[in-house]
Amino acid sequence: MQRNWFLLTLLFAVAEMACAEPFYQEQLVFPLQDKHVHSSCIVECPNGDLLVTWFHGSGERRESDVLIQGARLKKGRSEWSPVFLMADTPEFPDCNPVLFIDSNKDLWLFWIAVLAERWEDSVLRYRKASHYQGKGAPKWSWQEDIILKPGDEFVESLARGYEKIAADNPGFNTDFGGLVTCPMESLLEAARNMSNRQKGWMTRTHVLVLPSGRILLPLYSDGFYVSLMAISDDQGKTWRASSPVVGACLNQPSVVRKQDGTLVAYMRSEGDYKKRVMRSESTDDGETWSPAIATDMPNPNASIEAVALQDGRWIMAYNDCEDERETLALAMSDDEGASWKWMRHLEQIPGGAFHYPSIIQTRDGRIHVTYTYRPGASAGKSIKHVTLNAEWIIKGD
């Protein structure tokens, strides 16, 4: 029955494509400026406003002035609001914000505060607000840290995953793709230290809520080069760690759910090893994950995001090359990621940098993407916001 519903939905989508006109609109959230602005995340508020957040400062993990900023696009308006402060841990860099609106219509902001100028020492934080749909910054009512406690099974899962990777990829154990000279046994030894595996878990992409109400917060570690999910089955009151997603230097998972309940995580990989979008699956609602394998989609070690649309099609935003981030594309699938039949570029400017996309589909069916925007080596930076429909992607470049 579920399969028939899915096919029927796709048939309706195809019928709509025949009469819908391509739509595309773009704007900068704020004018080009000299500071580093990066890693945006966008959500639609219950009243139809759009809220976007990013980090801003002199750099990233080594700069104490880095903080989280935001802006609002009121429903029916064409200009973003003035920039406002979303979070700041004094004297420490704050990075990689993620927005989430829960079933009670409360707004969550997840992010990391970087300690000791090391990603692997980052602290995972969150704050909540019930009043966030007026002017200016949300009125935060609660703030806390999320401390995960991966157990001994974390080490066991790493060992099994590394064993499979080494068997499938001779030589990987000694090199890790040129990124670090860190053999797998060294990482396993580090994982046996409880302190190492309880810190450094970082955010990047949207939360996924399953039909059961389970919340999955995708996380990754620059210490172990693996991903995992922070899982909550009580609406965010408590969190625990899934088994790790093990692969070739994985980072920044984005999770999509198939109609049959299978979860698919798409990730970047680091170093020179694959330079492809990586893929892992879970058939138990995110508890355990298959070893990640490379897709045929190129990636220059840059963040990607994938989402399921209301009609069942999937969209992925990614840098579709191996070496630079000067092209940013949207790909669309009508078979839940088995193939990506349509692709169109958002950006193609030699010497530019367009990366770390965030995607949502709003209730009116429009697709919204925000991303870091630097049109040239000597140009300033901003966060760009584009609005489009699926027909725009289908039309192609």
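Ala, Val, Leu, Ile, Met, Phe, Trp, Tyr, Cys and Pro count as nonpolar here, Asp, Glu, Lys and Arg as charged, and the others, Gly among them, as polar. The model is predicted, with local features needing pLDDT of at least 70 and side-chain atom pairs pLDDT 80 or more, while totals for chains, interfaces and linings use all residues. Residues are numbered from 1 along each chain as its sequence is written, and side-chain values use heavy atoms, leaving out hydrogens and water.

**View 1. The second largest pocket and its lining.** Among its lining residues are 3 nonpolar, 9 polar and 7 charged ones. A pocket is an open set of points on a 1 Å grid over the protein atoms alone, where a 1.4 Å probe fits, with protein on both sides within 12 Å along at least five of seven lines; lining residues have an atom within 4 Å of a point. Of the 19 lining residues, Gly48, Leu50, Gly76, Asp364 and His368 are closest to the centre.

**View 2. The largest pocket and its lining.** Here 38 residues form the lining, and Val207, Leu208, Val209, Ala308 and Gln361 lie nearest the centre. By class, this lining has 19 nonpolar, 11 polar and 8 charged residues.
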